[in-house]
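Here are my notes on this one, in numbered points. Have the model open while you read.

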Amino acid sequence: MLGIFSTGAAFGIQTVAQRFTSASHAAVIVSAESVFGAIGAAIFLGERLSPVGAVGAAVVFGSITLLSLTTDKSEISKPAVAD
């Protein structure tokens, strides 16, 4: 029951919040879900993260951070052009 409620609440909030941001920002934020899920499991459930898992989380989080800092802001609002 808790899983259904928390998943439903998370996707509901995500759906509402995506109306106020660009698609590229939403994609970057959603891709961080696995990192925050692992961190939440470690904090709230006491699960241990293996060294390989920690490196993977760091790579994903670093990639997301690098992408968000280096994205050309002028390209964000332009629609894709069909070939």
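1. How many aromatic pairs does the rule give? The count comes to one aromatic pair, where rings of Phe, Tyr and Trp (its six-membered ring) pair if their centres lie within 6.5 Å. The ring centres of Phe36 and Phe61 are 6.4 Å apart and the planes sit at 85 degrees, so this is an edge-to-face pair (planes over 60 degrees apart; under 30 is stacked, the rest tilted). The pair ties together distant parts of the chain, with Phe36 in helix H3 and Phe61 in helix H4 (residues 51–70), 25 residues apart.

2. Before going further, the ground rules. This is a predicted model, where local features need pLDDT of at least 70, side-chain atom pairs count only at pLDDT 80 or more, and totals for chains, interfaces and linings use all residues. Residues are numbered from 1 along each chain as its sequence is written, and side-chain values use heavy atoms, with hydrogens and water left out.

3. On the fold: the protein chain has five helices and zero strands (DSSP runs, H or I of at least four residues for helices, E of at least two for strands). Of its 83 residues, 10% count as buried, meaning under 20% relative accessible area, with exposed over 50% and partly exposed in between (1.4 Å probe, protein chains only). Phe61 is partly exposed, at 41%.

4. Phe36 and Phe61 turn up again in a nonpolar surface patch of about 720 Å², along with Ile39, Ile43, Phe44 and Leu45. Helix H3 (residues 33–44) gives the largest share, four residues.

5. The largest pocket has a volume of about 440 Å³, the space filled by probe spheres set on the grid points. Of its 16 lining residues, the closest to the centre are Ala10, Gln14, Ile29, Val30 and Glu33. A pocket here is an open set of points on a 1 Å grid where a 1.4 Å probe fits, with protein on both sides within 12 Å along at least five of seven lines; lining residues have an atom within 4 Å of a point. H1 gives the largest share of the lining, seven residues.

Notes. Patches are made of residues with over 30% relative accessible area and no salt bridge: like charges are joined within 9 Å, nonpolar side chains (Val, Leu, Ile, Met, Phe, Trp, Tyr) within 5 Å. Accessible areas come from the Shrake-Rupley method with a 1.4 Å probe; for residues, only the protein chains shown count as cover. A salt bridge is a side-chain nitrogen of Lys or Arg within 4 Å of a carboxyl oxygen of Asp or Glu.
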